[in-house]
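Have a look at the model first.

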Amino acid sequence: MDALVCLLQLLLLLLTLPLHLMALLGCWQPLCKACFPYLMAVLTAKGNRKMERKKQELFGQINRLTGASGKVALLELGCGTGANFQFYPAGCRITCLDPNPHFEKFLTKSMAENRHLQYEQFVVASGEDMRQVADSSMDVVVSTLVLCSVQSPKRVLQEVKRVLRPGGLFLFWEHVAEPRGSWAFLWQQVLEPTWKHIGDGCCLTRETWKDLESAQFSHLQMEQQPPPFKWLPVGPHIMGKAVK
């Protein structure tokens with residue numbers, strides 16, 4: 001099976017050789033960073049229509065955290081175009097974090113369309129290094145389709161726990177690997193080296209649930225969902241919450 005994966009990866013590399021050469025020469029990533037937000041704007045809009053009920057269910061849990069002030073400090077990792085903003089309840093004070101500065105104009109548009117939220121700041125940084133966010137300063141941290149593309153999911157989860165206040169919520173929605181040994185998993189292995197360039201670092205074969213289970217949250221709850229787009233190579237999704 002491993003030999004077959006290597007052979008198919010080689011064939012795909014030959015078919016997409018210009019892409020890999022551009023990446024090797026350092027030409028691809030700047031182009032991808034600039035264009036990727038436009039692709040995500042299209043996909044997230046379609047994804048929201050398909051997953052509306054589940055997102056309402058997931059983010060509806062934020063309402064329980066509003067205190068006497070009616071305010072909730074919320075940090076969204078890999079905020080992208082701000083596609084989740086419409087599902088957040090009124091009173092949320094949003095801090096957005098993303099390593100790609102090209103998303104900022106999309107965020108500005110999303111905030112203008114969601115006046116029930118208070119926009120705090122846009123932090124250009126990776127999830128592994130959130131030093132601009134203070135310890136125990138957030139009531140909620142949100143991550144949707146982010147842990148697939150970070151360098152170290154374990155380090156990101158450590159940072160999530162650092163910035164959450166005691167009892168704070170980590171709400172997540174992530175795509176994960178297909179079952180090992182399946183043909184679907186084999187094709188994910190074949191596609192992953194090329195897909196990482198197309199998807200701005202997205203890994204298809206991450207078993208993110210294992211990182212969540214080992215992160216030592218006080219409570220963890222998750223469920224598996226089918227992928228919203230059958231024509232993409234991303235596998236099943238996991239959604240749920242973790243409590244600091």
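**Packing and cysteines at a glance**

Skipping neighbours within four places in sequence, Phe170 is in contact (heavy atoms within 4.5 Å) with Val141, Ser143, Leu157, Val160, Leu164, Leu212, Phe217, Gly240, Lys241 and Ala242. Keep in mind that this is a predicted model, where local features need pLDDT of at least 70, side-chain atom pairs count only at pLDDT 80 or more, and totals for chains, interfaces and linings use all residues. Numbering runs from 1 along each chain as its sequence is written, and side-chain values use heavy atoms, with hydrogens and water left out.

**Nonpolar cores**

- A nonpolar core here is a set of buried Ala, Val, Leu, Ile, Met, Phe, Trp, Tyr and Cys residues joined through side-chain atoms within 4.5 Å; buried means under 20% relative accessible area, exposed over 50%, partly exposed in between (1.4 Å probe, protein chains only).
- The largest one has 26 residues, and Leu75, Leu77, Leu97, Met138, Val141, Val160 and Phe170 touch the most other members.
- H5 gives this core its largest share, 4 residues (helices, H or I, at least four residues, are DSSP runs numbered from the N terminus).
- Apart from that core there's another, of 25 residues, including Leu58, Cys96, Leu169 and Met239.

**Cysteines**

- Searching the whole structure turns up 0 disulfides (pairs of cysteine sulfur atoms within 2.5 Å).
- Cys27 is partly exposed, at 42% relative accessible area.
- Cys202 is in no disulfide either, with the sulfur of Cys148 as its nearest at 3.8 Å; Cys202 counts as buried, at 7% relative accessibility.

Key
Helix = DSSP H or I, 4+ residues; strand = E, 2+ residues; numbered from the N terminus.
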